[in-house]
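Please read them alongside the sequence and the coordinates.

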Amino acid sequence: MFTRIGLFLATNIAILLLVSLIFNVLGLDLRAAQYGTDLGGLLLMCAVFGFAGSFISLALSKWMAKRATGMMVITQPRNEIEQWLLNTVQKQADKAGIKMPEVGIYEGPEINAFATGMTRNSSLVAVSSGLLRGMTRDEAEAVLAHEVSHIGNGDMVTLTLIQGVVNTFVMFFARIVGNIIDKAVLGNREGHGLGYYAVVFVLEIVFGLFASIIVMYFSRWREFRADAGGASLAGKQKMVAALERLAANQSQSTLPTQIAAFGITGNLAQGLKKLFMSHPPLADRIAALKNSSSI
């Protein structure tokens, strides 16, 4: 449903380009491999940098989420609703077999929530103020269960591994193609000219955008799995009711662009933009949950 690449992907691309610049400035392209004779060395070097960018993105995700939304993390409940949030997440975390996540509330008129964190036992669940105003307790409980399921499923770590593989091959093939263009088109037979570095930089952006289709496909798939997990933790009827409420009140997300892909709801897309949606349409999720016989 999102037409924008969210925090994880945006941060990852930025870091990928940064480490690639360092890669080139330090001359690691030349040290990693002599193209055509040591592709294994080049692939290994790309994997080191590709996975580094992905895991740095993951390590920063919780801090950036807090900063981007200006959320208030609940440390000492000030009222009954904050106490209910902590108690509900604690109960669900125990059932999912994970440590208690941090719980936060951020200002936003839309009904939304997200989860992020480095590991299953060092995570964050946040809800919008609009969710607290616009949902019943049963519906809110199901949304929290959906987010706890994301954590319990290890979705962020899995996404990091997928992104690391994607980064590796983006960097690898950008250099292979860049080397071919540098020699065959630009005429640099020895070493690499400035044209090579410019071509590699552009190719990494282009290949990265196409590769993000793979990442977004997994992101959509994990939403179906988290819906099923939420139904298991909170009850199928509550999860269906929560998704129906989200569909009835769907509006423009006010989450910052960097964090948008983490939300439980977002915006619709048409045509080729659907390939870059981080979430499947709510109607599809509701149908899948209603037709599920395993919950």
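1. In which helix is Val 202 found? Val 202 belongs to helix H8, residues 194–234; helices are DSSP runs of H or I with at least four residues, strands are runs of E with at least two, and both are numbered from the N terminus. The model is a predicted one, in which local features need pLDDT of at least 70, side-chain atom pairs count only at pLDDT 80 or more, and totals for chains, interfaces and linings use all residues. Residue numbers start from 1 along each chain as its sequence is written, and side-chain values use heavy atoms, with hydrogens and water left out.

2. Surface patch. Val 202 counts as partly exposed because its relative accessibility is 47% (buried is under 20% relative accessible area, exposed over 50%, partly exposed in between, with a 1.4 Å probe and protein chains only). Together with Phe 201, Ile 205, Val 206, Leu 209 and Phe 210, Val 202 forms a nonpolar patch on the surface, and the accessible area of the patch is about 530 Å². Patches take residues with over 30% relative accessible area and no salt bridge, joining nonpolar side chains (Val, Leu, Ile, Met, Phe, Trp, Tyr) within 5 Å and like charges within 9 Å. Areas are from the Shrake-Rupley method with a 1.4 Å probe, and for residues only the protein chains shown count as cover.

3. Strands. Strand S4 (residues 122–128) has 6 of its 7 residues buried. Strand S2 (residues 102–106) runs parallel to S4, with 5 bridges, and Val 103 has Val 125 as its bridge partner in S4. Strand S3 (residues 113–119) is antiparallel to S4, with 6 bridges; here Phe 114 is partnered by Ala 126 of S4. Pairing requires at least two DSSP bridges between the strands. S3 and S4 are joined by a hairpin of 2 residues.

4. Nonpolar cores. A core is a set of buried Ala, Val, Leu, Ile, Met, Phe, Trp, Tyr and Cys residues joined through side-chain atoms within 4.5 Å. The largest one has 34 residues, and those with the most contacts inside it include Val 127, Leu 131 and Leu 243. Elements that each supply at least two residues of this core include S2, S3, S4, H8 and helix H9 (236–248). Helix H6 gives the largest share of this core, 7 residues. Apart from this core lies another of 7 residues, among them Leu 159, Val 166, Ala 211 and Val 215.

5. Contacts of Leu 243. Neighbours within four places in sequence aside, Leu 243 is in contact (heavy atoms within 4.5 Å) with Asp 227, Leu 282, Arg 285, Ile 286 and Leu 289.

6. Salt bridges. There are 13 in the structure, each a side-chain nitrogen of Lys or Arg within 4 Å of a carboxyl oxygen of Asp or Glu. Arg 285 and Asp 227 form one of them, at 2.8 Å, N to O. Arg 285 lies in helix H10 and Asp 227 in helix H8, so the pair ties together parts 58 residues apart in sequence. Both Arg 285 and Asp 227 are buried.

7. Glu 141 counts as buried at 10% relative accessibility, whereas Lys 238 is partly exposed at 24%.
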